[in-house]
Each structure stands twice: as structure tokens, then as C-alpha cells.
Amino acid sequence: MSSRRIFARPARFAAIAPYVWMVLFFLVPFAFVLKISLSQTAIAQPPYEPVFDLSAGWDALKAAFAALSADNFRLIGSDDIYVFAYVRSLTVAITATALLLLIGYPIAYGMARLPKRWQAVAMVLVIVPFWTSFLIRIYAWINILQHDGLLNQILLALHLVSQPVVWLSTDTAMYIGIVYSYLPFMILPLYATLAKMEPALEEAAGDLGAPPWQVFWLVTFPLSLPGVGAGVLLCFIPIVGEFVIPDLLAGSNALMIGQTLWLEFFTNKDWPVASAAAIVLLVVLLVPLMLYERLQKRQLEQGR
Amino acid sequence: MLRIEGVAKSFGTFRAVDGVSLDIKAGEFFALLGPSGCGKTTLLRMLAGFEAPDEGRILLGGKDIAQALPHERPINMMFQNYALFPHLSVRDNIAFGLKRAGMARAEIATRVAEMIALVKLDGLEKRKPDQLSGGQRQRVALARALARRPQLLLLDEPLAALDKKLRESTQGELMELQRRLGMTFIIVTHDQEEAMTMASRIGVMKSGKLAQVAPPRELYEAPRSRWIAEFVGDINLFDGESKLRDGHRLVIGTRDAGALVVAEPREPVGAGRFAVAIRPEKVKLSRRGPVSEAGRETAINRLDGVIADICYLGGTTTYKVKLDTGGVLQASVANSARIDVDAYSLNQHVVAWFTPDDCVVLQS
């Protein structure tokens, strides 16, 4: 039996397409970034050296290769600014993801238990904010959270506070912004797993003597773990690299790695260090990505 | 043991269960039979506690449980698609209810082993539900529902997902198990043969109401209405046009089959619509009418006709006889000999005959 015969030509192309995509839009740019991260900054065009110039001949290429060094990585590893930025990014991402799960799960659960026709309405309500630009929505939050903003006006009107509270440029504001922006990414995968769960399973648990809270912890939650995994990773990974929301809503005393990267690249024009920071970030993110991959594989095996 | 009193349940404007009252004795194997949408599943779900009745009481051992939550009832249910927990092994599925009851570990282990032996699942304890065949899953579901030794076991279409052969052997096993454990079973099914085979009593439901509650034989031989007669098994129905008393018999004039002599029904025939009903297997066929003198004596109803259709079913053959009086009569004849030289052929002239006692007069 020849395995080559299994795919007709168009099918074979379809199977290759994702790999072509990966090579063109991930591996090749990654190679560029990796090369830049091993270079030194220079006042030139492009702003780093050495430059590989194929027209300069073999010896020049060899010299360029020899000039590559891991100095930038050493700098990132030894300078507190970068270490703190990574730690802060991870702390923010973990805290925000935990908040997202706590807020998103009940919403997704409630949606999945709605009558069918209301589920579609709820789904639209979750997605509708995407129809407005992300930046506009974050700026709207600045408006709400500022000194004489909507939130403080309401709090004052209700006599909950006697003076306007400082919201803007605090971590609270940043978390509000992150949770608000990423909530759909947490809700949708959770909703998908909860909605397709057979209702008879929860009934069976109740029938066998489990009060509602046990039904949730022993049946509903364990069976929704694939959705929890997907939601957590969909939020956690982009939040680690987030720079717009902390830039606009958080204070400027502690930076996340995304903001540091931005500063190195655009303000300091230090492409090599920025590239090295990006590569370290990628490696840090690979760990949860690989965990997710293993989770999916296990699910596939269980599904058979 | 279980008393259902005037229970009703509506979904929006639809009355799914419409005033059902029923008594079920301890140790009984009771079947709720009906077409889909008749409310039998809703009634079962109210017994389990998944739906609360709008009206009425459900008394279990004298205590009203109508509003109790599922986990507070000494009742367990076997679900239609089994509803096994996919993330738990066979053993943990069966132990689930025992753990909730706060049973000691050692005791749980003994009970689970007992259940596994009972449903013959030895060696499969560590498997997950998706590694089991349909029949094995059905057994796990049964073991899980029985493990808590409920006072009442509800079975929602328990055999619907099995193929015919397996279904028949499982029917026997379920009956045997019920007898041995002495438990009360209530089964919901749309399959009248299944209900007939297993249950000691059957409640037929139609549009949310109980149409008749009777043992299988009574249900089949003495259906209370035309609808039940047609729902349970096959039947020939001839609308009556006139009636005449003749001693302890009635002579009923029908349009399609002429005058038929029937035994006087227990309830007098009223003014409304009525019909003479006869089951196909009660109809005898012959070439020249009843053979013996004794036969001639009882076989008062003789109908001439020709064979219009033959349906060979293996054990029996169903003939459709086009009567000279205009109607069509179905007769089911047992194929008692392998080589049957006497089998009838199409368009052959036959005499169909049956006794007055084989007929039932149906009103409404």
C-alpha cells in the first residue's frame, strides 16, 4: 500500500499550505529577528551591524558571521530592568487571567444554560464590542476612569466616596482594561465546551445524590477543562506581550516587557536589544504553548 | 408504595402531563407506554425530580416528594443515553452515588465489586465509557443506578440504543434482575413489545393523560378505546351501524363486513360511535369454512372474500382478505409446518371465520 496515493494533488497541496504559511510568515521573520538580536547597534541604515551582503563575497560573509555575538542576551539576563519587566509581565498576565476565568466562567455558564434562541443573542452581545476599534474602547475607559470621569461622578452621587478616587495610571485601571478587552476570548471557548455538554450528565450527578455545588465541581467543571485551557491560553499569551493597555491605563513606574520592547525599538533605536528581548519573550511563551499542545493531544487521544 | 395524585405539568401553553393519577405497588415492574410527545418522559422526570409538577402530589412511602430536589430522593434513574460520566472510569461511575451517600471506602469497594459482578462487567473496571461497547455502557448505567439500592428505579428507554438481538437478551436480564432484587421498576418506552414482554402492568399514555392501566394481556385483549386497540398491536376495525340484542349476544350491523355476532360487552353500548374489533391472529382462514361440526357451532361469523395481499413474516404470514361485503380483513396465520402445501395464493377465494368471543366492541 503506497501512502502517496492517499492524497489527490489538490488535497496534498491543502495539507502543505499551513506549512508554507508557517515558513513564510513565522520562520523566515523569526530568522531575521534572531539574526538582529545577535548583532550590535550602529548609527547606520539599517541601525545595526554586521550586515550580510551577498555581493561582498565569501570572506566578507564569514567575517559578518564571526561578528555575531550573544552580548544582547547577556545584557537582558543581567540588567534588572529587563528581568523586572519579564516578572511584571508574567505577574500581570497570571493575575489578569485568573480574574478573567473568575468573571468569564459564570458568564459562559449562564449563557450555555439560556434557552437556545437567547444564546445567539448573548453571543452577539459578547462579540459586539469588537465592532468598535480597540483603541477607541481603551480611550473610552480613560474617559470613564479619569478624575472627573463617569465612575467618580457615580460614586460621588451615590455618596460612596467623599472625594474623587484616583483610578487612572494605577494597576487597577490596567486590570480593568485588560479584563474588559480579553473577556470575549475567555468566554467563547468556555461557552463552546459548556454548551455542547450533555445536560443529562448534570442530572445524573444530581440523581446519584450530589447537591448542586458537588454537581458543579465533580462533573461540570472537570468536563469543561478543555475550554478552561483554551480560554486561559488565549488570554495569557497575548497579555504577557501586551503594551497598549498598560501604556494607556497603568502608571509609568513599572513597565511590562511589551512596553520595554517598544521603548528599545522606537525610542532608543536599539533594534538588537529589542530583538533579543522579543526572542526571550517567545521562549518564555513557548512553555505554556507546549503545555496547551500536550493538552490538545491528550484530548484527541481521549476522543478516539 | 408510590402514589401519583392528579399530577400536571405545562411547558408554556402545552400541557405535557394533564392530571395523571396512578398507584404503583412495591416490587412491581411498571411500564409507561405511549407515542413520542405523550408526556411519559415528563412524568418520569417529575418522579426523578428534574421537573417540578405544577399540580398534584407524588407520594413515596406516604411522604410527598413532589417538590424535593433529585439528590434528596431515594430514587435513581437510568438515562436514555446512559449519561455516563466520560471523565470517570467504570468503577468511579458506579461508585459516584455511593461516595455522595458518605459510605465508608471499604464498603464502597465491596458494593462496586458486587455491582460489577451483577452486570457481568468483570475486568472492565478501569475502562473509560468511550472504551466500552454500547451493551457494556448500558450495563454500567444499570449498575450505577442500582448501586445505591434505590426504593424505586426509573428506566428511560433503557434499551433503545441497542440492536434487536441484544435488546431481547437484555430484556430477559432486566426482568430476572428485577425479580431477584425485588425492587420496583418503572420503565418508559415507546416500544409496545418491550412493554408487553417486561412489565407486569402497563400504563398507556396519550396527550398527557393515562388512557388505560392494565396488565399486558388485558391491554391487548380488552383495550378500552379504539385508539389503544390500534396503538397496541394490529387490529381489524369495522364501524357499527346498527345493533340488535339476541339473548346474551349482540348482532351488530357493519357497512364493511355485514352483520357480526359479538359477545355482550361488560359496559352497555351507548349512543355514540362504536366498532367491532378483532385481532388478526383470531381470524381463521379456510377454503370452505369451518371444518368440524363443533367449529360450525361457534364460528358464527363467516366472511367470504379473496386474498388481496400476502406478507410473509417468517413465524407467521399476514393475509389481507378483500371481503365480498367491501371491507378488508387482516388475518395472521402461524406457519406451523415448514412445507405448507395449503398456503393461500393471491386472488384465491377463502372463508374467514371467528367466534363472537374473539370480538371486542369498542366505543369512542
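Two residues are in contact if their C-beta atoms, placed from the backbone, lie within 7 Å. In chain A of this predicted model, residues 24 or more positions apart account for 70% of the contacts with a separation of 6 or more.

Figure 1. The secondary structure of chain A consists of 14 helices and two strands. Along the principal axes, its C-alpha atoms fill a box of roughly 80 × 75 × 35 Å. The radius of gyration of chain A is 25 Å, whereas a compact globule of 304 residues would have one near 19 Å. Of the 304 residues in chain A, 27% are buried.

**Figure 2. Contact between chain A and chain B.** Chain A contributes 15 residues and chain B contributes 17 residues. On the side of chain A that touches chain B, the elements giving two or more residues are helix H9 (199-207) and helix H10 (212-223). H9(A) supplies the largest share of that side, six residues. Sorted by class, the side of chain A that touches chain B holds nine nonpolar, three polar and three charged residues.

**Figure 3. Surroundings of helix H9 of chain A.** Seven of the nine residues of H9(A) are buried, so this helix is largely enclosed by the rest of the structure. The buried residues are Leu201(A), Glu202(A), Glu203(A), Ala204(A), Ala205(A), Gly206(A) and Asp207(A). They pack against H10 of chain A and, from chain B, against helix H1 (40-48) and strand S6 (75-78). Just after H9(A), Gly209(A) has a positive phi of about 100 degrees.

**Figure 4. Packing of helices H4 and H11 of chain A.** Helix H4 (residues 80-112) and helix H11 (residues 225-240) pack at an angle of about 145 degrees, and their axes are 9 Å apart. The crossing of H4(A) and H11(A) is right-handed. From H4(A), the contact is made by Ser89(A), Leu90(A), Val92(A), Ala93(A), Ala96(A), Thr97(A), Leu100(A), Leu101(A) and Gly104(A). From H11(A), the contributing residues are Val228(A), Gly231(A), Val232(A), Cys235(A), Phe236(A), Ile239(A) and Val240(A). By class, the contact of H4(A) with H11(A) has 12 nonpolar and four polar residues, with no charged residues.

**Figure 5. Two cis peptide bonds in chain A.** Most residues other than glycine have a negative phi, and most peptide bonds are trans. The bond from Gln45(A) to Pro46(A) is cis, with omega near -5 degrees. Pro46(A) sits in the loop between strand S1 (40-41) and strand S2 (48-49) of chain A. The bond from Glu49(A) to Pro50(A) is also cis, with omega near 0 degrees. Pro50(A) belongs to the loop between S2 and helix H2 (58-67) of chain A.

**Figure 6. Positive phi at Ser169(A) and Arg149(B).** Ser169(A) is not a glycine, yet its phi is positive, about 60 degrees. This serine, Ser169(A), is found in the loop between helix H7 (150-157) and helix H8 (171-195) of chain A. Ser169(A) has 17 other C-beta atoms within 10 Å and is therefore partly exposed. In chain B, Arg149(B) has a positive phi of about 50 degrees, although it is not a glycine. Arg149(B) lies in the loop between helix H4 (134-147) and strand S7 (152-156) of chain B. Arg149(B) counts as partly exposed because it has 14 C-beta neighbours inside 10 Å.

**Figure 7. Domains of chain B.** The domain assignment divides chain B into domain 1 (2-225) and domain 2 (234-363). Taken over C-alpha atoms, the centres of domain 1 and domain 2 of chain B are separated by 40 Å.

Definitions and conventions
Residues are numbered from 1 along each chain as its sequence is written. Chains are lettered from A and ligands numbered from 1 in the order in which they are written. This is a predicted model: local features need pLDDT of at least 70, side-chain atom pairs count only at pLDDT 80 or more; totals for chains, interfaces and linings use all residues. Helices (H or I, at least four residues) and strands (E, at least two) are DSSP runs, numbered from the N terminus. Ala, Val, Leu, Ile, Met, Phe, Trp, Tyr, Cys and Pro count as nonpolar, Asp, Glu, Lys and Arg as charged, and the others, Gly among them, as polar. Axes are lines fitted to C-alpha atoms, for helices over the stretch in contact, and angles run from 0 to 180 degrees between N-to-C directions. A crossing is left-handed if the near helix is turned anticlockwise from the far one by less than a right angle, and right-handed if clockwise. A residue is buried if 20 or more other C-beta atoms lie within 10 Å of its own, exposed if 12 or fewer, and partly exposed in between; C-beta atoms are placed from the backbone. Domain bounds come from an automatic or database domain assignment. The radius of gyration is taken over C-alpha atoms; the globule rule is 2.2 Å times the number of residues to the power 0.38.
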